[in-house]
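Please examine the sequence and the structure shown below. The briefing that follows describes selected features, grouped by topic.

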Amino acid sequence: VAAGVAQLGRLTRLNLSKNALMDQGTRQLSDAIGGLAALTSLDLSVNRIEPGTAEVLAKALERLPDLRELRLSYNSLGDAGVAALLGAAGLHKLATLDLSANQLSSGAAETLAKSLEKMAEMRELLLGLNRIGNADVESLVAAGACRRLTLLDLSSNDLSGGAWATLAAALDKMPDLRTLTLKRMRADLGAWALAESMLPRATSLEMRSDG
């Protein structure tokens, strides 16, 4: 597969999701992926990629100057893996970043907040199914790139009332936000106040409570 990918020098979109690449397969493919200089979209979701491979993948990403979309959902990157990936030079053009279901906690949220400051073109950020808490949301929405988001997904994280208040207060600084997804959350009055604040601008609003 790696040899075949290497021959596709004009490729702009590459979707290798759900291939059970795991660490060995991803390492073998990384060099070939890095040779696809025209690539604008890369999807490696659901491949059981772990932290140890993230540094190898990061080196490949540094060779993709026009990458706009990076999807890595349902892997096992963890905080260390995300830190290695976001340390890659050349990700400043990213407009879509999907890190859903990667066992992320406060450490990754802090790293992500710092990295977002350098990602002026970021528009869609998906962080569902992780372990991000209320304080992490505050640091994330304070990041410069979040002010330009059109889509934010924080579903199934460790969020409660404080997070809803933070998001509601930040809406004035996020004028382009149109899609907010907060599925499987712990709802309270603050959550519904946030929903009410979003209604005048939202094109998609999903807030599904666990009870």
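Strand 5 (residues 124-126) and strand 6 (residues 151-153) pair in the parallel sense over three bridges; two strands pair if DSSP finds at least two bridges between them. Helices (H or I, at least four residues) and strands (E, at least two) are DSSP runs, numbered from the N terminus. This is a predicted model, in which local features need pLDDT of at least 70, side-chain atom pairs count only at pLDDT 80 or more, and totals for chains, interfaces and linings use all residues. Residues are numbered from 1 along each chain as its sequence is written, and side-chain values use heavy atoms, with hydrogens and water left out.

Sheet
- Leu 126 stands opposite Asp 153 in strand 6.
- The open sheet has eight strands in the order 1-2-3-4-5-6-7-8, with parallel pairing.
- Strand 1 (13-15) and strand 8 (204-206) are the edge strands, each pairing on one side only.

Helix 6
- Asp 136, Val 137, Leu 140 and Val 141 of helix 6 are buried (under 20% relative accessible area; exposed is over 50% and partly exposed in between, with a 1.4 Å probe and protein chains only).
- These residues lie on the same side of helix 6 because they cover an arc of only 125 degrees around the axis, taken from the directions from the helix axis to the C-beta atoms.
- Ala 135 and Glu 138, on the other side of helix 6, are exposed.
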